[in-house]
Amino acid sequence: MVKYSRNIPKLFRRAFRKLRSSYEWSGLLRTWIASYMDLCICGFVQIYSLKFDSATRTISSIIAIIVVGLNLILPYLQEFTSKSI
Amino acid sequence: MDKKDYLSSLETLFYLTEQQVAVIETTDRITRITSTVAMSSMAPILLSGANPALIWCLLNLMQIFYYLLLINVEYPWNVKQFLGIFSMGRFQFLPNPVSWITPKLEEEAIETPYRFSQADMNSLFLLSAGETLLIWLLTLFFFLFFIWSCPTHG
């Protein structure tokens, strides 16, 4: 995969490098923070009425538990990342 | 025969004149257009790598306004209409990627607490948070693409 990435023109690669450094904080983490409340509300409403009677409902319940779990971990994750800088 | 007391709540009926409805609808339309323009300006700002701090603030503000609908208070019709505009902060204008995989997703809907169902939410996580998951996946895809295209920081 890395071999193919060398075929990208230098101009684009320079732009992508600049985007990458801003994306880590302004993109990935900020998207998570912005959608935090929405995901928490939807996740807790799903956990309030967990259902495992069909494949879709089972997957939805499991994803909700995972997402709520990740959201609860996020503050600690940010603490950890800010210490590592 | 035993005498029993029953408690039930009745929804308040608000009377609005035609003129008031017209004013509300105009305000609704103008706010909707403004919000759409503001939200559509988000993508180029994000992709150009410019500082998107203002956009995130706008998004947070929209979400805060929309979540006022979840407070256990019966709002008048015009307030509901107004707060409903801010559903854009929840990316509800985007398609739900889960419905591409399972087209009968709506049939799987679970009974939702009253206040949440009033705010167009469902207990089924994939149905109510599918749009947010799409944003997550897109952001992750772009991030992985940037990591792949330039493996070293700099």
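pLDDT is the predictor's confidence in each residue, from 0 to 100. In this predicted model, chain B averages a pLDDT of 80, and 90% of its residues score at least 70. For the complex, the predictor gives an ipTM of 0.78 and a pTM of 0.75.

**Confidence within chain B**
- Among the elements of chain B, H7(B) has the highest mean pLDDT, 90.
- The lowest mean pLDDT among these elements, 68, belongs to helix H2 (residues 42–48) of chain B.
- Where pLDDT is low, the predicted coordinates should not be read in detail.

**Contact between the chains**
- Contacts link 35 residues of chain A with 37 residues of chain B.
- On the side of chain A that touches chain B, two or more residues come from each of helix H1 (2–5), helix H2 (10–34), helix H3 (36–48) and helix H4 (55–84) of chain A.
- H2(A) provides the largest share of that side, with 15 residues.
- By residue type, this side of chain A comprises 14 nonpolar, 13 polar and eight charged residues.

**Nonpolar cores**
- The largest nonpolar core holds 19 residues, and those with the most contacts inside it are Cys42(A), Phe125(B), Leu126(B) and Ala129(B).
- At least two residues of this core are supplied by each of H3 and H4 of chain A and helix H7 (125–128) of chain B.
- Leaving aside residues up to four places away in sequence, Phe125(B) touches Cys42(A), Gly43(A), Gln46(A), Ser60(A), Ile63(A) and Ala64(A).
- A second, separate core has five residues, among them Phe16(A), Tyr23(A), Phe146(B) and Cys150(B).

Definitions and conventions:
Residues are numbered from 1 along each chain as its sequence is written. Chains are lettered from A and ligands numbered from 1 in the order in which they are written. This is a predicted model: local features need pLDDT of at least 70, side-chain atom pairs count only at pLDDT 80 or more; totals for chains, interfaces and linings use all residues. Two residues are in contact if their C-beta atoms, placed from the backbone, lie within 7 Å. Helices (H or I, at least four residues) and strands (E, at least two) are DSSP runs, numbered from the N terminus. Ala, Val, Leu, Ile, Met, Phe, Trp, Tyr, Cys and Pro count as nonpolar, Asp, Glu, Lys and Arg as charged, and the others, Gly among them, as polar. A nonpolar core is a set of buried Ala, Val, Leu, Ile, Met, Phe, Trp, Tyr and Cys residues joined through C-beta atoms within 7 Å. A residue is buried if 20 or more other C-beta atoms lie within 10 Å of its own, exposed if 12 or fewer, and partly exposed in between; C-beta atoms are placed from the backbone.
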